[in-house]
Amino acid sequence: MKTPLLELRNFTVLRSGKKVVKNFNLLLEEGEKAVLAGPNGVGKTSLAEAVLGFLPFEGELLYRGRPVRTKEDFKLLRRKVGFVFQNPDDQLFMPTVREELAFAPANFGLSPAEVNRRVEAAAALLGLEELLDEPTFSLSFGQRRLVSIACVLTAEPELLILDEPTNGLDRENWLRVARFLNETEKTVLVITHDRDLVTFLGWRVVLLSGTPLASSWRTEIPDPYQCD
Amino acid sequence: MAEGRGRLRLLAFLAAALLIYALDSVRALMLALALSSLLFFLLRTPRNYLKGLLYANAFTLLVIAGLLFTDPIAHLRTAAVIFLKANALLLLTFALVLPAGLLELLRTLEGLGLPKRLVLLALLSYRYLTTLRDEYEKLKRAAACRGFEPSPSLRTYRTYGYLLGALTAKSLLKAKEVYKAMTLRGLEG
Ligand SMILES: Nc1ncnc2c1ncn2[C@@H]1O[C@H](COP(=O)(O)OP(=O)(O)OP(=O)(O)O)[C@@H](O)[C@H]1O
Ligand SMILES: [Mg+2]
């Protein structure tokens, strides 16, 4: 059997000592795409943050079959895993859109030409060409959402984790993002409440449950959510 | 009972702090430092506060280094005074004020007759500072997610500059939003 790209075994996430996710298991094969769903406050964002090494956890986190534990392990992991934050305002901090998109590849020490190529490509993909030289803070919420996705794409991660990526997007941009998600060759995990998106993508849905809320939530959710 | 003790501690602290602040003789300050240290250990102050002492001293030493660099002979005494005073005051603060926690401290101050408004203001600033710190942590994570690793380089300093800039811009924007929200809910002024 092939080694999965990401595996969580008995994964328990701690937030100031409290267990916000309990004994969660997940297998993501390379190239596989999945949706992570669950009600507000069930711990989806916390789960993603723990995978990136920002919250303590119990259990095992394996990337390509290797356990990820130490600070160094996580540094390496973050090079391979791109994370789009739930709130773009927590993610963006560079003065202009161009610099924002260039931040990751420039940190990787790539040549200016390569950095530029990636910036242009990501901008074209998400329709941001016109905004490249705009100050990040002058953008609308939806525009910032697109920038927050683009600035992760320029890192060219193997695995992409997106936390509510379609939140606040108009129809055109919604389609842009949804199409990209469907067409990309990357391994993708999308955290979302967006039922249209779940239907559009038609991917496997992983339900994060384990809290009392989850069971009641499950019954009122239409078809796409029940296919796990 | 506990309240009385808190008040006593605070008054003792204020008196001692004023005294130390006024002292100018190296010998007296050495004694003050010794007494503060003694108090620190006698009151079984959590040892991890010593780390704070270390950080604060990094700053003090920077100032002293600056002084000694310009004119070591003339400034030697001043440097010693600064160092002793700073540490005596810090140890005293750690021993008498910090363990009670900020909330406790504010309550005690209120008990001592500090206006409620001022206490509220202090509380709000504290809340605000905590939020600011959380925001900063989030941005630092965002940078780490995209391959940022601090190193002694121009790029690192520039990045920190941008992070702080973003933090400022965001808090200003947020303050505006909060103001709007408050006016919308009928606050006047
Ligand atoms: N910064 C924080 N400090 C303390 N507790 C938090 C913090 N953020 C979230 N929590 C708690 O952790 C739990 C999980 O929150 P999390 O944000 O991971 O949920 P979520 O599934 O992403 O929710 P949503 O769908 O609303 O985004 C919640 O019970 C919440 O109260
Ligand atoms: Mg969330």
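## A quick tour of chains A and B

A:Arg64 counts as partly exposed, at 34% relative accessibility (buried means under 20% relative accessible area, exposed over 50%, and partly exposed in between, with a 1.4 Å probe and protein chains only). This is a predicted model, where local features need pLDDT of at least 70, side-chain atom pairs count only at pLDDT 80 or more, and totals for chains, interfaces and linings use all residues. Residues are numbered from 1 along each chain as its sequence is written, chains are lettered from A and ligands numbered from 1 in the order in which they are written, and side-chain values use heavy atoms, leaving out hydrogens and water.

- Most residues other than glycine have a negative phi.
- A:Arg64 isn't a glycine, yet has a positive phi of about 50°; you'll find A:Arg64 in the loop between strand 4 and strand 5 of chain A.
- A:Asn10 also has a positive phi, near 50°, and sits in strand 1 of chain A.
- A:Asn10 is partly exposed, with a relative accessible area of 44%.

**The sheet in chain A**

- Four strands make an open, antiparallel sheet in the order 2-1-4-5 (strands are DSSP runs of E, at least two residues, and helices are runs of H or I, at least four, numbered from the N terminus).
- Strand 2 (18–28) and strand 5 (66–67) of chain A are at the edges with a single partner strand each, so one side of each has no neighbour in the sheet.
- Strand 1 (residues 6–15) and strand 4 (residues 57–63) of chain A run antiparallel, joined by six bridges (two strands pair if DSSP finds at least two bridges between them).
- One of the bridge partners is A:Glu58 in strand 4, which goes with A:Thr12.

**The helices of chain B**

- Chain B has seven helices and zero strands.
- Its radius of gyration is 21 Å, well over the 16 Å that the globule rule gives for 189 residues, so chain B is more spread out than a compact globule (the radius is taken over C-alpha atoms, and the rule is 2.2 Å times the number of residues to the power 0.38).
- The C-alpha trace of chain B spans about 55 × 50 × 30 Å along its principal axes.
- Of the 189 residues of chain B, 25% count as buried.

- B:Met30 is in helix 2 (residues 26–42) of chain B and is partly exposed, at 48% relative accessible area.
- B:Met30 and B:Val81 are 51 residues apart along the chain, with their C-alpha atoms separated by 9.0 Å.
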